[in-house]
Amino acid sequence: MTDDTVAAVVLQWQAVHPGVDTSPMEIIGRINRCALLLQQAESAPLRDAGLSRAEFDLLGALRRTGRDLTPGELARETFVSGAAVTKRLRQLTERGLVERHTDDRDRRMAHVRLTDAGRKVIDTVLPAQLAFERGVLAGLGADRRDELAGQLGELLLQLEGRLGIRRR
(Lines give C-alpha, C1' and ligand atoms only; values in the text may rest on other atoms or scores of the structure.)
Protein backbone atom coordinates (compact mmCIF):
# COMPACT_ATOMS: atom_id res chain seq x y z
CA MET A 1 0.00 0.00 0.00
CA THR A 2 1.25 3.50 -0.79
CA ASP A 3 1.55 6.25 1.76
CA ASP A 4 -1.00 8.67 0.29
CA THR A 5 -4.07 10.35 1.76
CA VAL A 6 -6.38 7.52 0.75
CA ALA A 7 -4.11 4.96 2.41
CA ALA A 8 -4.47 6.87 5.68
CA VAL A 9 -8.27 6.91 5.31
CA VAL A 10 -8.31 3.16 4.61
CA LEU A 11 -6.22 2.50 7.72
CA GLN A 12 -8.62 4.59 9.79
CA TRP A 13 -11.63 2.66 8.48
CA GLN A 14 -9.88 -0.65 9.10
CA ALA A 15 -9.24 0.39 12.69
CA VAL A 16 -12.91 1.30 13.22
CA HIS A 17 -14.36 -1.62 11.21
CA PRO A 18 -11.68 -4.33 10.98
CA GLY A 19 -13.97 -6.79 9.19
CA VAL A 20 -15.05 -4.44 6.39
CA ASP A 21 -13.41 -4.84 2.98
CA THR A 22 -12.11 -1.36 2.16
CA SER A 23 -10.30 -2.41 -1.04
CA PRO A 24 -12.76 -0.61 -3.38
CA MET A 25 -11.88 2.61 -1.56
CA GLU A 26 -8.26 2.13 -2.58
CA ILE A 27 -9.28 2.49 -6.24
CA ILE A 28 -12.41 4.65 -6.22
CA GLY A 29 -11.05 6.88 -3.46
CA ARG A 30 -7.83 7.46 -5.39
CA ILE A 31 -9.65 8.15 -8.65
CA ASN A 32 -11.92 10.65 -6.88
CA ARG A 33 -8.99 12.28 -5.06
CA CYS A 34 -6.95 12.57 -8.28
CA ALA A 35 -9.95 14.07 -10.11
CA LEU A 36 -10.53 16.57 -7.32
CA LEU A 37 -6.88 17.64 -7.24
CA LEU A 38 -6.78 18.00 -11.02
CA GLN A 39 -9.98 20.07 -10.97
CA GLN A 40 -8.62 22.31 -8.25
CA ALA A 41 -5.26 22.82 -9.95
CA GLU A 42 -5.90 25.55 -12.45
CA SER A 43 -3.46 24.99 -15.27
CA ALA A 44 -1.50 27.95 -16.51
CA PRO A 45 -2.47 27.49 -20.20
CA LEU A 46 -6.19 27.61 -19.47
CA ARG A 47 -5.85 30.39 -16.92
CA ASP A 48 -3.70 32.45 -19.32
CA ALA A 49 -6.38 32.05 -22.00
CA GLY A 50 -9.10 33.04 -19.52
CA LEU A 51 -10.81 29.66 -19.86
CA SER A 52 -12.21 27.26 -17.33
CA ARG A 53 -11.73 23.54 -17.97
CA ALA A 54 -15.44 23.28 -18.80
CA GLU A 55 -15.18 26.07 -21.41
CA PHE A 56 -12.06 24.44 -22.86
CA ASP A 57 -13.96 21.15 -23.15
CA LEU A 58 -16.82 22.85 -25.05
CA LEU A 59 -14.46 24.59 -27.45
CA GLY A 60 -12.54 21.35 -27.85
CA ALA A 61 -15.71 19.39 -28.68
CA LEU A 62 -16.58 21.87 -31.41
CA ARG A 63 -13.06 21.78 -32.81
CA ARG A 64 -12.47 18.02 -32.73
CA THR A 65 -15.84 17.08 -34.22
CA GLY A 66 -15.25 19.54 -37.05
CA ARG A 67 -18.89 20.51 -37.34
CA ASP A 68 -21.58 22.64 -35.76
CA LEU A 69 -23.21 20.97 -32.75
CA THR A 70 -26.51 21.48 -30.99
CA PRO A 71 -26.42 22.28 -27.27
CA GLY A 72 -27.72 18.74 -26.63
CA GLU A 73 -24.87 17.24 -28.63
CA LEU A 74 -22.41 19.41 -26.71
CA ALA A 75 -23.86 18.17 -23.43
CA ARG A 76 -23.33 14.56 -24.54
CA GLU A 77 -19.83 15.27 -25.84
CA THR A 78 -18.73 16.98 -22.62
CA PHE A 79 -20.70 14.86 -20.11
CA VAL A 80 -22.49 17.81 -18.49
CA SER A 81 -26.09 18.94 -18.13
CA GLY A 82 -27.91 20.98 -20.73
CA ALA A 83 -28.23 23.84 -18.25
CA ALA A 84 -24.46 23.90 -17.72
CA VAL A 85 -23.88 23.95 -21.47
CA THR A 86 -26.35 26.82 -21.91
CA LYS A 87 -24.58 28.88 -19.24
CA ARG A 88 -21.13 28.25 -20.71
CA LEU A 89 -22.29 28.92 -24.25
CA ARG A 90 -23.69 32.27 -23.16
CA GLN A 91 -20.29 33.20 -21.69
CA LEU A 92 -18.37 31.97 -24.73
CA THR A 93 -20.75 33.80 -27.08
CA GLU A 94 -20.30 37.05 -25.15
CA ARG A 95 -16.53 36.64 -25.54
CA GLY A 96 -16.88 36.05 -29.28
CA LEU A 97 -15.51 32.48 -29.21
CA VAL A 98 -18.69 30.72 -30.41
CA GLU A 99 -21.81 31.75 -32.25
CA ARG A 100 -25.30 30.29 -32.44
CA HIS A 101 -27.45 30.03 -35.51
CA THR A 102 -30.87 28.51 -36.09
CA ASP A 103 -31.45 25.43 -38.20
CA ASP A 104 -32.72 26.20 -41.71
CA ARG A 105 -35.32 23.39 -41.51
CA ASP A 106 -36.33 23.69 -37.85
CA ARG A 107 -36.26 27.23 -36.43
CA ARG A 108 -36.56 25.83 -32.89
CA MET A 109 -33.19 24.09 -33.23
CA ALA A 110 -29.99 26.01 -32.50
CA HIS A 111 -26.52 25.06 -33.70
CA VAL A 112 -23.24 26.26 -32.26
CA ARG A 113 -20.03 26.85 -34.15
CA LEU A 114 -16.59 28.15 -33.34
CA THR A 115 -15.76 31.65 -34.48
CA ASP A 116 -12.34 32.33 -35.99
CA ALA A 117 -11.34 33.72 -32.58
CA GLY A 118 -12.58 30.55 -30.87
CA ARG A 119 -10.68 28.34 -33.30
CA LYS A 120 -7.52 30.37 -32.71
CA VAL A 121 -7.92 30.09 -28.91
CA ILE A 122 -8.43 26.33 -28.90
CA ASP A 123 -5.65 25.71 -31.42
CA THR A 124 -3.28 27.78 -29.30
CA VAL A 125 -4.30 26.42 -25.90
CA LEU A 126 -4.50 22.72 -26.81
CA PRO A 127 -0.75 22.11 -27.29
CA ALA A 128 0.08 24.11 -24.16
CA GLN A 129 -2.58 22.26 -22.14
CA LEU A 130 -1.30 18.89 -23.33
CA ALA A 131 2.25 19.89 -22.36
CA PHE A 132 0.96 20.86 -18.90
CA GLU A 133 -0.85 17.53 -18.53
CA ARG A 134 2.26 15.68 -19.76
CA GLY A 135 4.14 17.41 -16.95
CA VAL A 136 1.53 16.31 -14.40
CA LEU A 137 2.12 12.71 -15.48
CA ALA A 138 5.91 13.02 -15.76
CA GLY A 139 6.49 11.02 -12.59
CA LEU A 140 5.15 7.93 -14.33
CA GLY A 141 7.21 6.23 -17.02
CA ALA A 142 5.72 5.70 -20.48
CA ASP A 143 4.97 2.03 -19.74
CA ARG A 144 3.19 2.91 -16.50
CA ARG A 145 1.17 5.65 -18.22
CA ASP A 146 0.12 3.23 -20.97
CA GLU A 147 -0.81 0.59 -18.40
CA LEU A 148 -2.82 3.08 -16.34
CA ALA A 149 -4.57 4.46 -19.43
CA GLY A 150 -5.55 0.94 -20.45
CA GLN A 151 -6.83 0.03 -17.00
CA LEU A 152 -8.82 3.25 -16.68
CA GLY A 153 -10.24 2.66 -20.17
CA GLU A 154 -11.42 -0.81 -19.11
CA LEU A 155 -13.03 0.62 -15.97
CA LEU A 156 -14.70 3.38 -17.98
CA LEU A 157 -16.15 0.90 -20.47
CA GLN A 158 -17.57 -1.17 -17.63
CA LEU A 159 -19.10 1.86 -15.93
CA GLU A 160 -20.53 3.28 -19.15
CA GLY A 161 -22.00 -0.13 -19.99
CA ARG A 162 -23.66 -0.46 -16.59
CA LEU A 163 -25.05 3.04 -16.78
CA GLY A 164 -26.08 2.77 -20.43
CA ILE A 165 -23.86 5.65 -21.48
CA ARG A 166 -21.89 4.05 -24.30
CA ARG A 167 -20.51 6.51 -26.83
CA ARG A 168 -21.66 6.09 -30.38
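How far apart are the end C-alpha atoms of helix α1, and what should its 12 residues span at 1.5 Å a residue?

## Helix α1

The end C-alpha atoms of α1 (residues 5-16) sit 17 Å apart, which agrees with the 16 Å its 12 residues should span. That expected span is 1.5 Å times one less than the number of residues. Helices here are DSSP runs of H or I with at least four residues, strands are runs of E with at least two, and both are numbered from the N terminus.

Inside α1, Val6, Ala7 and Val10 are buried. Looking down the axis, the buried residues of α1 fall within an arc of 100°, so they line one face of the helix. (The arc is that of the directions from the helix axis to the C-beta atoms.) Buried means under 20% relative accessible area, exposed over 50%, and partly exposed in between, with a 1.4 Å probe and protein chains only. Over on the other side of α1, Leu11, Gln12, Ala15 and Val16 are exposed. The cover for the buried residues of α1 includes α2 (23-40), where contact means heavy atoms within 4.5 Å.

## About the model

This is a predicted model, with local features needing pLDDT of at least 70 and side-chain atom pairs counting only at pLDDT 80 or more, while totals for chains, interfaces and linings use all residues. Residues are numbered from 1 along each chain as its sequence is written, and side-chain values use heavy atoms, leaving out hydrogens and water.

## Helix α6

Now for α6 (residues 82-94): its 13 residues reach 18 Å from first C-alpha to last, close to the 18 Å expected. Its buried residues are Ala84, Val85, Leu89 and Leu92. They fall within an arc of 130° seen down the axis of α6, so they line one face of the helix. Ala83 and Glu94 are exposed on the other side of α6.

What covers the buried residues of α6 includes α4 (53-65), α5 (71-78), β1 (98-102) and β2 (110-114). Just after α6, Gly96 takes a positive phi of about 75°.

## The whole protein

The protein has 8 helices and 2 strands, running α-α-α-α-α-α-β-β-α-α along the sequence. Its radius of gyration is 20 Å, well over the 15 Å the globule rule gives for 168 residues, so the protein is more spread out than a compact globule. That radius is taken over C-alpha atoms, and the rule is 2.2 Å times the number of residues to the power 0.38.

The C-alpha atoms fill a box of roughly 65 × 35 × 30 Å along the principal axes, and 24% of the 168 residues count as buried.
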